[in-house]
Amino acid sequence: MAYVLANEIERAVSTVEQGLNRTNGSAELLYEKFFLYLVQGRMDAVVELAQQTRNGSPANESTGLFFEALARL
């Protein structure tokens with residue numbers, strides 16, 4: 001993402017969130033949001049996203065488990 005390279009992490013998160021709203025939870029964008037939170041050191045947001053992802057669509061349960069596992073490292 002160009003925003004990450006330009007060190008505009010907040011703007012990158014905002015752009016990803018807009019994309020998630022438009023695509024009803026694209027898996028690729030969920031991963032982007034997760035890793036952007038990690039870059040920011042926002043562990044509370046990482047854990048919250050993991051729980052939301054896991055409790056959302058059954059199709060995203062494995063993604064949520066992956067997020068939770070990474071958050072605990």
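Of the 73 residues in the protein chain, 32% are buried. The model is predicted. The chain holds five helices and zero strands, so its order from the N terminus on reads α-α-α-α-α, with each element defined as a DSSP run. Among the contacts in the chain with a separation of 6 or more, 35% join residues 24 or more positions apart.

Helix α3 spans residues 27–40 and helix α4 spans residues 43–55. Their axes come within 8 Å and cross at roughly 155 degrees. Angles over 145 degrees count as roughly antiparallel, and α3 and α4 are therefore roughly antiparallel to each other. The crossing in which α3 passes α4 is left-handed.

The residues that form this contact can be listed for each helix. From α3 come Leu30, Lys33, Phe34, Tyr37 and Leu38. They meet Met43, Ala45, Val46, Leu49 and Thr53 of α4. By class, the contact of α3 with α4 has eight nonpolar residues, one polar residue and one charged residue.

Lys33 deserves a separate look. This residue lies in helix α3 and takes part in the contact with α4. Is Lys33 buried or exposed? Its relative accessibility is 14%, and because buried means under 20%, Lys33 counts as buried. Leaving aside neighbours within four places in sequence, Lys33 is in contact with Val16, Glu17, Leu20 and Leu49. Of these partners, Leu49 is also among the α4 residues that meet α3.

The next topic is the nonpolar core. In soluble globular proteins, nonpolar side chains tend to be buried together. The largest nonpolar core here has 15 residues. Which of its residues touch the most other members? They are Leu36, Tyr37, Leu49 and Phe67. The elements that give two or more residues to this core are α2 (9–23), α3, α4 and α5 (61–72). The largest share comes from α2, with five residues.

Not counting residues up to four places away in sequence, Phe67 touches Leu30, Tyr31, Phe34, Leu49, Ala50 and Thr53.

Definitions and conventions. Residues are numbered from 1 along each chain as its sequence is written. This is a predicted model: local features need pLDDT of at least 70, side-chain atom pairs count only at pLDDT 80 or more; totals for chains, interfaces and linings use all residues. Side-chain values use heavy atoms; hydrogens and water are left out. Axes are lines fitted to C-alpha atoms, for helices over the stretch in contact, and angles run from 0 to 180 degrees between N-to-C directions. Helices (H or I, at least four residues) and strands (E, at least two) are DSSP runs, numbered from the N terminus. Angles under 35 degrees count as roughly parallel, over 145 as roughly antiparallel, 65 to 115 as roughly perpendicular and the rest as oblique. A crossing is left-handed if the near helix is turned anticlockwise from the far one by less than a right angle, and right-handed if clockwise. Contact means heavy atoms within 4.5 Å. Ala, Val, Leu, Ile, Met, Phe, Trp, Tyr, Cys and Pro count as nonpolar, Asp, Glu, Lys and Arg as charged, and the others, Gly among them, as polar. A nonpolar core is a set of buried Ala, Val, Leu, Ile, Met, Phe, Trp, Tyr and Cys residues joined through side-chain atoms within 4.5 Å. Buried means under 20% relative accessible area, exposed over 50%, partly exposed in between (1.4 Å probe, protein chains only).
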